[in-house]
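This briefing goes through one protein chain, topic by topic. Please look over the sequence and the structure before reading on.

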Amino acid sequence: EGRNIKAFERATGVEVIVDDTPGAITISSFDPVRRQVARVALENLILDGRIQPAKIEQTVEKAQEEINKIIKEKGNQAVYETGVLNLDPRLLMILGRLHFRTSYGQSVLQHSVEMAHIAGMIAEEVGANPAVARAGALLHDIGKALDHEVQGTHVEIGRKILKQYGASDEVVKAMES
C-alpha cells in the first residue's frame, strides 16, 4: 500500500520513485542535502531490514545528524585550506552544504576552494588584498546553497547571507564580482 514509502517521503522531504528497473530506486528533490540525507537513511534502512514508519523516522534523524556533521567538517576544511579566517560558524554550515551541490560534475565547494586559491594568487600579483580576494572567491557561490529555498539569483542570495552574518563590505563586493 506504500505506507513505508509515504512515511519515508514525509520524513525526508524527497520523492521516492520505484520503477521496473531491478535493484534501482530514484530519490528526487531539488535540495541536494535532502537527497543525501534520504540516500544515507535508505541505505541504512535496507541494511537493517526492518522498514516501518517508526524506524524510518529514527533512521532519518540519524542520517540528518551524520550529514550535518559532514557539512560542518567540509565548511571548516574549506576555510582552513584557503586561509579565510573569522567567518561566522553559521556561514560555515551554509558553505559546507555546497559539498553536496554539483555544477558540471564538480562539487561547488571544491570549485570555490580552487577559485579562492587562484584569486589569492592574482590579488598578490596585481597588488590587491589577497585575504579579501580569497574570501570573496570562496564565498562567490554561497547563494547556491540556498537558491532552491530563497528567491533570487545566487549572487543576490549570497549578498544577503554575507551581510546577515557580518561579512565586511569588501568581501561582499568581492563575492559579487
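Residues 24 or more positions apart make up 52% of the contacts in the chain that have a separation of 6 or more. The model is predicted.

**Overall layout**

- The chain has eight helices and four strands.
- In sequence order, these elements follow the pattern α-β-β-α-α-α-β-β-α-α-α-α.
- The C-alpha trace spans about 65 × 30 × 25 Å along its principal axes.
- The chain has 177 residues, and 41% of them count as buried.

**Helices α3 and α5**

- Two packed helices are described by the angle between their axes and the distance between the axes.
- For helix α3 (residues 53-82) and helix α5 (residues 108-126), the axes come within 10 Å and cross at roughly 15°.
- Angles under 35 degrees count as roughly parallel, and α3 and α5 are therefore roughly parallel to each other.
- The crossing in which α3 passes α5 is right-handed.
- On the α3 side, the contact is made by K74, A78, E81 and T82, and on the α5 side by L109, V113, A116 and H117.
- The residues of this contact between α3 and α5 comprise four nonpolar, two polar and two charged.

**Nonpolar cores**

- In soluble globular proteins, nonpolar side chains tend to be buried together.
- The largest nonpolar core in this chain has 32 residues, and L91, L95, L138, L139 and I161 have the most contacts inside it.
- Two or more residues of this core come from each of α3, α4 (89-97), α5, α6 (130-138), α7 (154-164) and α8 (169-176).
- Helix α5 gives the largest share of this core, six residues.
- L91 touches L139, I142, I161, L162 and Y165, if residues up to four places away in sequence are not counted.
- A second, separate core has 18 residues, including V14, V40, L45 and I67.

**Residue I51**

- I51 lies in the loop between α2 (32-48) and α3.
- Is I51 buried, partly exposed or exposed? Its relative accessible area is 38%, and buried means under 20% while exposed means over 50%, so I51 is partly exposed.
- Apart from neighbours within four places in sequence, I51 is in contact with N4, L45 and I56.
- I51 and V113 are 62 residues apart in sequence, and their C-alpha atoms are 40 Å apart in space.

How values were computed. Residues are numbered from 1 along each chain as its sequence is written. This is a predicted model: local features need pLDDT of at least 70, side-chain atom pairs count only at pLDDT 80 or more; totals for chains, interfaces and linings use all residues. Side-chain values use heavy atoms; hydrogens and water are left out. Axes are lines fitted to C-alpha atoms, for helices over the stretch in contact, and angles run from 0 to 180 degrees between N-to-C directions. Angles under 35 degrees count as roughly parallel, over 145 as roughly antiparallel, 65 to 115 as roughly perpendicular and the rest as oblique. A crossing is left-handed if the near helix is turned anticlockwise from the far one by less than a right angle, and right-handed if clockwise. Contact means heavy atoms within 4.5 Å. Ala, Val, Leu, Ile, Met, Phe, Trp, Tyr, Cys and Pro count as nonpolar, Asp, Glu, Lys and Arg as charged, and the others, Gly among them, as polar. A nonpolar core is a set of buried Ala, Val, Leu, Ile, Met, Phe, Trp, Tyr and Cys residues joined through side-chain atoms within 4.5 Å. Buried means under 20% relative accessible area, exposed over 50%, partly exposed in between (1.4 Å probe, protein chains only).
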